[in-house]
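I opened a new notebook page for this structure. My plan is to look up one thing at a time and write down what I find.

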Amino acid sequence: MPALVDVQGLVKHFPGERALLGLGRPRAVVRAVDDVSFAIAPGETLGLVGESGCGKSTVGRAILRLIEPDAGRVTIDGQDVVALGARPLRALRRRMQIVFQDPYGSLNPRMTVRQMLAEPLAIHRIASGADAQRRIAALLEEVGLDPSFAQSYAHELSGGQRQRVGIARALSVEPHFLVLDEPVSALDVSIQAQVLNLLAELQRGRRLTYLFIAHDLAVVRHIADHVAVMYLGKIVERAPAPALYAGPRHPYTTSLLSAVPVPDPKAQRQRIVLAGDVPSPAHPPPGCPFHPRCPHPKKDARCRTEPPALREVAPGQLAACHFAEQPL
Amino acid sequence: MTEPLLRVRDLQTYFVTEQGSGTARAVDGVSFEVQPGETLGIVGESGCGKTVTSLSILRLIPEPPGHIQGRNLLTLEPRELRAIRGNQIAMIFQEPMTSLNPVFTVGDQIAEAAIVHQGLSRRLARTRAIDMLRLVGIADPEERVDHYPHQMSGGMRQRVMIGMALVCHPKLLIADEPTTALDVTIQAQILELLDRLQAELGMAVMLITHDLGVVAGSADRVAVMYAGQVVEQAPTAALFARPLHPYTEGLLASVPRLDAPPAREHGRLHSIPGQVPAATAWPDGCRFHPRCPYAWERCRAEMPPLLDAGGGGEPGTHTVRCWLLTEPRRRTPHP
């Protein structure tokens, strides 16, 4: 089946700012996204996982052109997103939407829920008047909110309710593809499960395709069909979810998995505690970007000099590690 | 049992709201004890009162609007209180970004407590600060001591916070969500550091967190809070093996886990319906009853006390605020 979303060689570099009021020496370029490729089949979910600053949110925004990518090809629904002019891009926005992490910052405090949901319907000339009201009521019901919430302002809603409004807003234009940027990480555990269940139901009902961006591997496991792990702007491992969780090939994936706290005091686990911090993406280490923190016993001079390519090490499983055949 | 290090009895912290929408009973009758050297985990979701509990113990809540009732620590004169705060009981906060003063070096900030509480000279306090940086695992402490917080990463700032808290060798460390703002690999580093320091220094830790995975790995005993009250308290192993309060049960079932089959394969993640009520309007009876799958008339009418769940050990080892303990046969969910 052809992919609904196809990303090839995506690059986004942010120029370093000049120190001293713009007069000093420019700082180093931040390589936020450095040659990222993946595809998502219709109706599937790709989980994009990594720690703060790895570039995962920049990927999500660059493929929707909320920020302009520097290089690469992005195809959504058969259309080349990067090449589109302003007008066809706006038309394509009906097909691709985003839900943001912070349900407190992403809703306009001066608008009622009704106004927030009516706006996209008006912009894209989908519905107005009584038809729009009917659609808004149906959307609220679909995301598990009573239609009476249409009168509410964001501050009257809890975090979980706000995130449901954010999802309803994204769905209002009937997109095929949703970027979900940490949609549950600001929510409490009991509410997080409600929203994850809702996202799964919506995906089944509407045959949606998701790019699910998250830092929490345990959450991603419950929703993703495929998982890509990012480190310093690059994908270091990509695989079908069951394969990645059962047998990670990149030492970074293994370390991330081992660091997730398990709610079982009897669990006998070998926690790999990585040394040091993530290096700055303005000064990535030479060779394998992970080598300064890598716990692999075999790491050698090659890791310090030669960047490992992302290559297939098992059917469907790609890893960028010289020692992917001998995983941790 | 030995004499507890900290005994909290019927702690109440109420906030009078400005719009006159009533009194927020943020902490409403909380009791627990911390034994020397142990780790007590306090778990709950946003708004359950766990942070207000810890701030109240050190009397860091401004009065008004907060009003704290209780005894001992709470009746101390300000001068006596200062001798305890930071010296015998120290605290680290969730936000390593905002809890350090940006205009002082980290060395000055660590040294301050040693100068104030232990009367060290500036020179000795600086040496102590370098020792503390080394203790919390910061490389090149002689150089780092003169750095400002903005020159450090989130994980390093949290290490500095821990160094600051431990400089006077407190008997009790209150750690309020110490790893929540950190990435998972840095969280693992900080949890390991806290474990190691606790073993080396023999202090007790009150670990406040929303993450059941974190308490499972670190705490000896756990108190679960909901709506301003402790609803279940037990040794960690017993709590996870046999959660008795329906809230604890639901919370444990809601956590997405790496060690269980993913929900994708068997349908849905368990979730607790509804949401946490507002502190100005806790429900009557048991405060969890509107979200509880087992609730019956008595739960709506009468607030349950903390009941002893038995299960080996001394009385009071495992306590649960739930009427199910008196009628266990009702533990079948409503359709």
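**Entry 1: a proline in chain B**

In which strand does Pro235(B) lie? I looked it up: Pro235(B) is in strand β9 of chain B, residues 229–235. I note here that the model is predicted.

Next I asked how exposed Pro235(B) is. I found 18 C-beta neighbours inside 10 Å. A residue needs 20 or more to be buried and 12 or fewer to be exposed, so Pro235(B) counts as partly exposed.

Then I checked what Pro235(B) touches, leaving out residues up to four places away in sequence. The contacts are Asp220(B), Arg221(B) and Thr317(B). I followed up Arg221(B): 14 residues separate it from Pro235(B) in sequence, yet the two C-alpha atoms are 4.1 Å apart.

**Entry 2: a helix in chain B**

I turned to helix α3 of chain B, residues 106–118. At 1.5 Å a residue, α3(B) should span 18 Å. Its end C-alpha atoms are 18 Å apart, which agrees.

Which residues of α3(B) are buried? I listed Val106(B), Gly107(B), Gln109(B), Ile110(B), Ala111(B), Ala113(B) and Ala114(B). These buried residues pack against α4 (122–135), α5 (141–144) and α6 (154–166) of chain B. After α3(B) comes Gly119(B), and I noted its positive phi, near 65°.

**Entry 3: the sheet in chain A**

I traced an open sheet of eight strands in chain A. The order is β6-β7-β8-β3-β9-β10-β12-β11, with mixed pairing. Why do β6 (96–99) and β11 (311–314) of chain A each have one side without a neighbour in the sheet? They stand at the edges, and each has a single partner strand. From one strand to the next, the twist averages 25°.

I picked one pair to follow. β7 (residues 177–181) and β8 (residues 209–214) of chain A run parallel, joined over five bridges. Within the pair, Leu178(A) is opposite Tyr210(A) of β8(A).

I also looked for helices on this sheet. Helix α6 of chain A, residues 159–171, touches β6 and β7, and its direction makes about 170° with that of β6(A). Helix α2 of chain A, residues 56–63, lies across β3, β6, β7, β8 and β9, at about 150° to β8(A).

**Entry 4: where the chains touch**

I looked up the contacts between the chains: 34 residues of chain A meet 40 residues of chain B. On the chain A side, α7 (189–206), α8 (217–221) and α10 (251–259) each supply at least two residues. α7(A) gives the most, with seven. I sorted the chain A side by type: 19 nonpolar, nine polar and six charged.

Methods:
Residues numbered from 1 in each chain as written. Chains lettered and ligands numbered in written order. Predicted model: local features only at pLDDT ≥ 70, side-chain atom pairs only at ≥ 80, totals over all residues. Pairing = 2+ DSSP bridges. Helix = DSSP H or I, 4+ residues; strand = E, 2+ residues; numbered from the N terminus. Axes fitted to C-alpha atoms, helices over the stretch in contact; angles between N-to-C directions. Contact = placed C-beta atoms within 7 Å. Expected span 1.5 Å × (residues − 1). Nonpolar A, V, L, I, M, F, W, Y, C, P; charged D, E, K, R; others polar.
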